[in-house]
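Work through the exercises below with the sequence and the model side by side. Each task is followed by a stepwise solution.

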Amino acid sequence: MPQASQTAPNISAVNDTDLLYRKIAWRIMPILFVSYIIAYLDRVNVGFAKLQMLADLKFSESVYGLGAGIFFLGYFVFEVPSNLILHRLGARVWICRVLVTWGIVSACTALVRTPWEFYTVRFLLGLAEAGFFPGMILYLTYWFPSNRRAKMMAVLMAGNPVSGIIGGPLSGYILHYFSGSRHIGGWQWLFIIEAIPAVILGVIILFYLDDRVITAKWLSDKEKAAVAADILHEANSKTHHTVRSVFTSPRVWLMAAIYFCITSGSYALGFWQPTIIRQSGVKDPFSIGLLTMVPYTLALISMILVGRHADKTRERRWHVVVPGIVAAIGFILCAQAGSSTLIAMTGLTMAVVGIVTALPMFWALPTSFLGGTAAAAGIALVNCTGNLGGFFSPAIIGFLKTYTGTLNSGLFMVCGCMLMSSILIATLVPAKLVNH
């Protein structure tokens, strides 16, 4: 009997803790989720704009690829400072700043006329958006311990496939039905219309988010203490606590290399997926947009299920390795599709499902050993350095497309990047470091 009476309070405590974190999740995750949808949409809608913009402005494929990718040079320059500022000033003010400025810059893309204007506005968009995604990850470390964070990361990054589910048809619809309206091109309307939600949401976040657990008026003192104790316990087990330890750590640079490979694949899809579908024989922008819903819908399901399984088993590495291999096979199929829409869509589905599933699972790796100020600097360093893959991948693919007339060589390159990310994790990331 004493054993039974001892077990009952333990079960009750677990249930109370689950309810507490569910309460926190319902408070902060919806607005972060919508923010991520808008961020990803504004970042890659240039892939749909390309379907009309290149003909209107007489841009080559290499000009487009360089312009699409140069976003990440601006992102790289301001990423670490932006995250450190967020850590110091608080999430509300800084995330508001990020959203409002990137919305304004994104809308200005409608005004470009020359390649250099295109490069400039894409670079400025990268500067404006720098700090947003790693800021979201850092913000989650204030509210959730690592054993609950993988699921929250999956929820947050579900904004990626949802932006594809919503953004594809929306972008295709704007291109199809707004083209020429008021003497403005469909691609120009695309940038203007899809920039407005960012500015509005930025203002909402300023008044809605709480910077830290201690300032949350919607939590009781007991609930605040429980969350603070969980976060403190986790912080004491982390191995990197200072900014200097981040920049001198081989582990952090390994994470950046892995993320570089994954983002090379991610933005090859983001910037070139509409082109891959069009090359398979589908010409109407709205039809292309509708087809992009298929892989992103399946990716959303996969991401949620794999995230839950990773948290349940507390295994992190293979939940990134296997999706990476699936994505690599998908890119091979895309390269071999020719004029077959079925093969192209099968390959795209495998690539999207693999990459979209791998991304949130990846972020459970560096956040498992970064703590304190090092978390702000380390997450930003991994993100901005890794995101250079978002510059090199579309730039190289655009160059190869211009001079070979085909996407195949670029797709094989991206396949190699995905395989390399899986190999690095399987061989160089110790299970005991990240599986907890």
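By the cavity rule, this predicted model has four cavities of 30 Å³ or more. A cavity is a set of points on a 1 Å grid over the protein atoms alone where a 1.4 Å probe fits but cannot get out; lining residues have an atom within 4 Å of a point. Grid points are joined across faces, edges and corners, and a volume is the space filled by probe spheres set on the points.

Local features need pLDDT of at least 70 and side-chain atom pairs pLDDT 80 or more, while totals for chains, interfaces and linings use all residues of the predicted model. Residues are numbered from 1 along each chain as its sequence is written, and side-chain values use heavy atoms, with hydrogens and water left out.

**Exercise 1. Describe the largest cavity: its volume, its lining and the classes of its residues.**

Step 1. Take the volume: about 150 Å³.
Step 2. List the centre. Of 16 lining residues, Val-44, Phe-48, Gly-164, Gly-168 and Tyr-296 are the closest to it.
Step 3. Assign elements. α1, α8 (159-177) and α12 (250-279) each give two or more residues. Helices are DSSP runs (H or I, at least four residues), numbered from the N terminus. The largest share, five residues, comes from α8.
Step 4. Sort by class. The lining has seven nonpolar, nine polar and no charged residues. Here Ala, Val, Leu, Ile, Met, Phe, Trp, Tyr, Cys and Pro count as nonpolar, Asp, Glu, Lys and Arg as charged, and the others, Gly among them, as polar.

**Exercise 2. Do likewise for the second largest cavity.**

Step 1. The volume is about 110 Å³.
Step 2. There are 14 lining residues; Tyr-36, Tyr-40, Arg-43, Phe-133 and Tyr-267 are the closest to the centre.
Step 3. Two or more residues come from each of α1, α6 (132-143) and α12.
Step 4. The classes are nine nonpolar, three polar and two charged.

**Exercise 3. Which element gives the most to the lining of the largest pocket?**

Step 1. A pocket is an open set of grid points with protein on both sides within 12 Å along at least five of seven lines.
Step 2. The largest pocket has a volume of about 490 Å³. Tyr-21, Arg-22, Ala-25, Lys-151 and Met-152 are the closest to its centre, out of 17 lining residues.
Step 3. α1 (2-44), α7 (146-157) and α14 (293-313) each supply at least two. α1 gives the most, with eight.
Step 4. By class, nine are nonpolar, one is polar and seven are charged.

**Exercise 4. Which residues have the most contacts inside the largest nonpolar core?**

Step 1. Such a core is a set of buried Ala, Val, Leu, Ile, Met, Phe, Trp, Tyr and Cys residues joined through side-chain atoms within 4.5 Å. Buried means under 20% relative accessible area, exposed over 50%, partly exposed in between (1.4 Å probe, protein chains only).
Step 2. The core has 137 residues, and Ile-24, Trp-102, Trp-143, Phe-144, Phe-331, Phe-362 and Trp-363 have the most contacts. α1 gives the largest share, 14 residues.
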